[in-house]
Amino acid sequence: MAGIFVVAKKEFLDHVMGKKFLAILAILMIISLLAMYQGVESYNKQLDSYKGQIAEIEEHPEGMPPGWMPEKPSILFVFQMMSALFGILGAILAIAIGFNLISGEKESGSLKSLLSHPVFRDTIINGKALGGMGALGFAMLVMTLLSIGILMMLGIMPTGDEFVRILVFMGFTLLFMFSFFAIALMCSTIAKNSTRAITYTLVIFIVISFVMPIAGTFVGMQLAGDMPEFSGVRVEIQETNESGDISKEEQIEEQERIQEERQEEMQEYWKKVMGIQEMFSIADPLSNFNKVSAAVLNPRFQSFRGFFGPMGEPPAETSILEALGIVWKNLLVLLLFPVVMFAIAYIRFMRMDIR
Amino acid sequence: MALYKRNTIKRGKRDNQNADEMIKTENLTKVYNGNKAVDNLNLEIAEGDIFGFLGPNGAGKSTTILMLVGMIEPTDGKCFINDLEVARNPIKVKEIIGYLPENVGFYGNMTAEQNLDYFARFYATMDANERKKRIEELLELVQLDSVSQKVGGYSRGMTQRLGFAQALLNNPEVILLDEPTTNLDPEGVVQLRQTLKKLSDEGKTIFFSSHILAEVAQVCNTIGIISNGTLIERGTLDEIKTKLDVRKTVKIIVETTNEDIPKIEHENIVNVEYKGRRAVIEAKSDIREDISRYLVENNIGIKELRIEEPTLEDIFMESVYKGKGGK
Ligand SMILES: Nc1ncnc2c1ncn2[C@@H]1O[C@H](COP(=O)(O)OP(=O)(O)O)[C@@H](O)[C@H]1O
Ligand SMILES: [Mg+2]
């Protein structure tokens, strides 16, 4: 049992002191610095206009529509802007540190040296997984401290709820990175050499995160039947309708009814397409991560185009727990994905011939 | 010297009660894509032996050793080290063996000391002090004690020496070496030989694989020859030499200075191959004097006239390729 920490510690140090890790972490830091700077700038603009609106209401309460209140901008907006980029770069970091964990040791011959000493194979692969996840955790910790530090330096203090959401978002980013780390580790165990391992990893990444969702939309549109015609142009209402038994009002009503029907048809159609598309991206960590981070980072989150969630609820404040409740299936996938990938790597590594 | 202090082997529960066999294989077989890399191999190596495992490239030596140390799974059969079945007791076995793989490798980003310390941490019996002491001793033994460079910058020969140190880390009872002289300079080979002799004197069992008979003949007291995955000879060094040395003829090489060699006749000649000014004569005895006289009488200048001794290598190759080796 002590062996696993011996392996994990070595792996962790190898990662966090390695050039690859530091270079990608540096890029991640620079990019998020820039993104935060931009994000904070537009946050400040929104905040100014919000303050202006509030001041106006106080001065002329009678001039505003009743019940209307301007929306206070949230600093989470900054993270929303960053989240997609963050996810992709996180995936790249995870792949970079994972793809040669086993294949590299096979190539250098160190695996045989290591395994000739009294250490169980599962100790090695578990230790490697632990060390790699530790390194990714370390990267996320650095990123979290950095981003919160920047906010504070710029004089922005997140509220308690925002703070929690930022931390939860960072946690899910980490979970998302584990998915790609696990894919890379699995490929590293299965492939003959590191070149193949990185190739397999990237192919899997591209297929599940890009090809499948696009293919899903395509297949969905094929299967959902003809797209309902969308008539944006209203039929001219005939002003001079003396002989007809349909009044102008009735005509308008009829128009509106058709319009509504069309909209419903359209919604039905897209619901079908999205349903099929969802099936194609059900195992895609990126889609699920985007979905989960949208839920965490948007206090008014609702699952319009939800993967699994109910449709078209009226917008209202959702607590973070409610939001997570809506996306629990996506969360489950994010949790299960690395477990399954790791299980494949584990089973394979336990029995494989090492020569 | 503490380095070679004899361990008393803890003979606990054994999978296979037997006299003093330290290494044993039973019908050991490994099949790759329908080809038998190791074919029903039955080996027994006694405690304290230096066993030379000899065979040409691709004979199945590495495959056998890899199964003996649990790196690869036999398709069929079993291996025992000190009567422990390898597949069932991987950790117990690894506690008493040392293994130098073919093309041994290390972590290039760490020094020799760090590499060895990492491996040593898996031995519950070694604390930090013991590890440090042991590693110092071993690095001195393989003359890497003054090298502070990371292993990534080592030459193949240095890596090989570190590999040997690595194999001795736990002061093992059984030492398995897969072509250990590869990449070593002549001095390194001599040192390896001396160290192995010393280790053997302390009762360690040594399994030494090689494709060079002369090398095995230098250090080993028993030999097994493997070809195409099967054991074709097994015995002491002398037994093997007599068994293999079946050739009763000598080979004489003749080369003249100016003219083509005329037809040579002699009652002892078995066969002659003429190639212009050169001839290879196979005869029942050393007839160089007769040949020389004959050529001089015919006014032919002699550039070369020598006997070609069959090397152990020749004998070995002949037996492996022309004789029993081919299946
Ligand atoms: N991974 C493998 N896949 C298929 N065949 C292999 C593999 N490894 C070794 N072999 C075959 O097994 C045979 C024995 O190889 P090996 O044990 O390495 O020989 P040696 O060590 O005696 O040179 C060779 O014919 C080799 O081609
Ligand atoms: Mg070999």
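Here are a few questions and answers about this predicted model. Local features need pLDDT of at least 70 and side-chain atom pairs count only at pLDDT 80 or more, while totals for chains, interfaces and linings use all residues. Residues are numbered from 1 along each chain as its sequence is written, chains are lettered from A in the order in which they are written, and side-chain values use heavy atoms, with hydrogens and water left out.

Me: Which residues touch the most other members of the largest nonpolar core?
Reply: Happy to start there! A nonpolar core is a set of buried Ala, Val, Leu, Ile, Met, Phe, Trp, Tyr and Cys residues joined through side-chain atoms within 4.5 Å, where buried means under 20% relative accessible area, exposed over 50% and partly exposed in between (1.4 Å probe, protein chains only). Among the 158 residues of this core, those with the most such contacts are Phe79(A), Leu176(B) and Phe207(B).

Me: Which helix gives the most to this core?
Reply: Helices here are DSSP runs of H or I with at least four residues, strands are runs of E with at least two, and both are numbered from the N terminus. With 16 residues, the top contributor is helix α7 (residues 160–190) of chain A.

Me: How are the residues lining the second largest pocket divided into nonpolar, polar and charged?
Reply: This pocket holds about 960 Å³ of space. Its lining has 32 residues, and the closest to the centre include Lys10(A), Asp14(A) and Tyr107(B). Ala, Val, Leu, Ile, Met, Phe, Trp, Tyr, Cys and Pro count as nonpolar, Asp, Glu, Lys and Arg as charged, and the others, Gly among them, as polar. The lining therefore divides into 11 nonpolar, nine polar and 12 charged residues.

Me: What span is expected for helix α6 of chain A at 1.5 Å a residue?
Reply: Good one to work through. The expected span is 1.5 Å times one less than the number of residues, and α6(A), residues 121–153, has 33 residues. From first C-alpha to last the helix reaches 48 Å, close to the expected 48 Å.

Me: Is Asn40(B) buried, partly exposed or exposed?
Reply: Asn40(B) has a positive phi near 50° without being a glycine, and lies in strand β2 (residues 35–46) of chain B. Because its relative accessibility is 43%, Asn40(B) counts as partly exposed.

Me: What is the relative accessible area of Asn171(B)?
Reply: Asn171(B), also not a glycine, has a positive phi of about 45°. Asn171(B) sits in the loop between α5 (156–167) and β7 (174–178) of chain B. Asn171(B) is buried, and its relative accessible area is 12%.

Conventions. On a 1 Å grid over the protein atoms alone, a cavity is a set of points where a 1.4 Å probe fits but cannot get out, and a pocket is an open set with protein on both sides within 12 Å along at least five of seven lines; lining residues have an atom within 4 Å of a point. Grid points are joined across faces, edges and corners, and a volume is the space filled by probe spheres set on the points.
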